[in-house]
Amino acid sequence: MGGSMKIYKFGGTSLGSAGRIKKVADIIAGALHEDKLIIVVSAIHRVTDLLLESATKASNGDSRYRSTLDELDHLHLSIAAELFSGTLLDDVTVLIRSELSELNDIVQGVYLLRELSEKSQALVLGFGERLSARIVNSYLQERDIASFYLDARELIVTDANYADARVDTHASEQKIRKCLASFEGVPVVTGFIAAAPDGSSTTLGRGGSDYTASIFGAALDALEIWIWTDVDGFFSADPKRVRDARVLPYISYSEAMELSHAGARVLHPLAVQPAMKAGIPLLIKNSFNPTVKGTRIERDVPSEMRRTLPVTGLTSINKVVLLNMSGSGMVGVPGIASRLFSCLARHRINIIFISQASSEQSITLAINPAQAAKAKKILEEVFSVEIEARQIDPLVIRRNLAMIAVVGNNMSGHPGVSAQLFETLGKNGINVIAVAQGANEMNISLVVDCHDEDKALNCIHESFFLSQRKVHLFIAGTGTIAQSLIGQISAHRLNLQKDNDLDVLVCGMANTRKIVLNNDGIDLQNWQSLLLPRIEHPGIEGYFQLIRERNLHNTIFVDCTASAKVAEIYPDLLLANISVVTANKLGMAGSWPLYRSIRDAQRKSNARFLYETNVGAGLPIINTLNDLKNSGDKIISIEGVLSGTLSFIFNELRKGGKFSEIVRRAQAAGYTEPDPRDDLSGADFARKFLILGRELGFTLEYGDIVCESLVPPEYRGEMTVAEFLDRLSDVDAWYADAIKEAAEKEMTIAYAGEIRDGKASIGVKRVPLASPIAGLNGSENMVVFTTERYRATPLVVRGPGAGGEVTAGGVFADILRIASYLV
């Protein structure tokens, strides 16, 4: 027959309520205009679980199995009451009740015997499909579609392995062809169930209704097999875990098999084989969204639809256990592997993943956690002699792991896929515990910690599928710099998406009192109103814990505070593979032990640490210095003015102003701290020079910087700001004289710093009028590098060295530098 016949299989969620069954009938009625159909149904959503629960309770002597059966009763009868009325409802109720009373008797028997054999269990589990096929068949008749109920146990022949039976393809195909050689109307077939040669019920394993559909399709040479489910098709990754996953319009049989075996729940792994053998396309369709094209699975993807991407899809099994067998006694001993695998096969333990080192010293297997203890016990018995003789170590079990499979036909002959894969995982600090790749190069499977599963899926998916990459920022501090930074990110986000294929998401903001978190990105237009009081997870440690729990890929921590406490957690952040961008000097200018531990953590980690704005705000000072060093230049000295406030005061002095009046003006204009003595002490300037000195490789502490304070010693004690400013005029004459004396020698004075021969000093210095420092304006900063290459004419970096906008701009530039490394 063949030709225009199609198999439609409907999954449990598609049949989950009366409304959904009506929708399924609409789909069937629409298709019958063009094609002859055979319908295969799964049990109604949740029914198979309830059946197993009732039988398990009964076998444990728990009389509550009855209430589980009542729930099944209610579920089916209430759907029937919504679909039917009058005498038809009575007829359907009788059908349902007769199936349920048979079920009741069997489970009662299990309860009395306190024993649930695989044979009884298979019989119990099959009732779900028997009930759903009865209801769907009756409803199609109610809609005037000629249909008939067909019990697959009469047609599909299997061995007597009840729970996960093997199909006798030849015998089954003969029976199916004979029964359906010619038929009128629409057969409604029970999925999942079959029968052993003696007629006893068997099942085809979880999700086996897909397999039923495929067996019928192959036997009857159908045009296509349509699997109706609750998703739009095969996705490039699980959309519940990877938000940017997309539907794959076409995949090959072999890709579908690999993805299904490795955990994609869209299709039963065995369902592909009969279809593939008969060359019948499989379609995955969404019964809730029937107009969507879905995924088409066939031998060869049409050339115009061939993807250029090497990877087709990712999938994961989020609970696996690794069994590791190792020992020197395994090397060069033939037959160890065959004993291992044949003994696991005998006990029907399914091996998800195998990896063996070439030294033959260890074999690693991934198996289902439910079978772990059994497998360990069996293997310890089989290899007891070798374990006692210490040729094989005791078996090690590792739990809480996930397996991720990266699948694609185009991976073979595409060098660099593994490199890209492991580089992406490495940059995100994801430890790969075991790896396996088949020689067909269609699947690379890796085992990672459960906690890292979502992060791994997202970063691999982004790396292979998306032109646009994401970075996730967590900002500490909500002051001027943070506010300017948010403004800049908000203004440039669309440009970065368009021109750089980069999406910058701010996923967290916190200060000591308030916090806002959102994995999908905070709304940057009104983030201030979203901040909530911090109740749990206090302090920077609490914020760090929340960031780690979220475990997002490409995470960058941005420090816009001036807090020593925040700087102290940089090493922890780096060791957790979270990159850091900081405008806070107290890390790099902190104590030597903190500085060393930041540097050590940086070396051990794949994360980046950037702090350009620590010296000279947005000016490229640290980068310039590193470029000079890395390219082999020798730094002779660094001189400069690295305080906007002190630059302003001395630039005004040179124009002939009075020192005390200039300080007052600077304070009024907001150039200084509320107490100008904080600036005049030179402490902030000294920290910046400490950072530069350490950059040059010198072991320096803050106390090693010789720093002249501009606050006369007698004004440093307990004195109000007003009193200090009133008395400051006493030193005006000293500055006026110093400038006059310098001018006679074609020089002027400046408050500047210098690093030479491992020593750093800062203070009032005479500089030639021709010196770049003498030409500064306003509150500009300047650094002068004298090096082997730049000896005659030193390299000068000059510009604004303070201010929220320029500092935030420098922080943003550092964020983008890390982003281009990460992605």
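Predicted model: local features only at pLDDT ≥ 70, side-chain atom pairs only at ≥ 80, totals over all residues.
1. Residues are numbered from 1 along each chain as its sequence is written, and side-chain values use heavy atoms, with hydrogens and water left out.

2. Let's start with helix α3 (residues 65-83) and helix α6 (residues 127-142), whose axes come within 11 Å and cross at roughly 5°. That angle makes α3 roughly parallel to α6 (angles under 35 degrees count as such). H76, I79 and L83 of α3 meet L131, I135, Y139 and E142 of α6, with contact meaning heavy atoms within 4.5 Å. By class, five of these residues are nonpolar, one is polar and one is charged.

3. Helix α1 (residues 18-31) also packs with α6, at an angle of about 60° and with the axes 10 Å apart. The crossing of α1 and α6 is right-handed. Here I21, K22, A25 and I28 of α1 touch I135, Y139 and L140 of α6. The residues of this contact comprise six nonpolar, no polar and one charged.

4. Now for the second largest pocket, with a volume of about 1,100 Å³. On a 1 Å grid over the protein atoms alone, a pocket is an open set of points with protein on both sides within 12 Å along at least five of seven lines, and lining residues have an atom within 4 Å of a point. There are 38 lining residues, and I481, K585, E673, D684 and A802 lie nearest the centre of the pocket. Helix α26 (683-695) gives the most to this lining, with five residues. The lining has twelve nonpolar, 18 polar and eight charged residues.

5. The largest cavity has about 40 Å³ of space, and its lining includes K427, N554 and L822. That lining divides into two nonpolar, five polar and two charged residues.

6. The second largest cavity has about 30 Å³ of space. Among its lining residues are V641, F650, R654 and Y751. Helix α23 supplies the largest share, five residues. By class, this lining has seven nonpolar, two polar and one charged residues.

Note on methods: 1 Å grid on protein atoms, 1.4 Å probe; cavity = no way out; pocket = protein on both sides within 12 Å on 5 of 7 lines; lining within 4 Å. Points joined across faces, edges and corners; volume = space filled by probe spheres on them. Helix = DSSP H or I, 4+ residues; strand = E, 2+ residues; numbered from the N terminus. Nonpolar A, V, L, I, M, F, W, Y, C, P; charged D, E, K, R; others polar. Axes fitted to C-alpha atoms, helices over the stretch in contact; angles between N-to-C directions. Parallel < 35°, antiparallel > 145°, perpendicular 65-115°, else oblique. Left-handed = near helix turned anticlockwise from the far one by under 90°.
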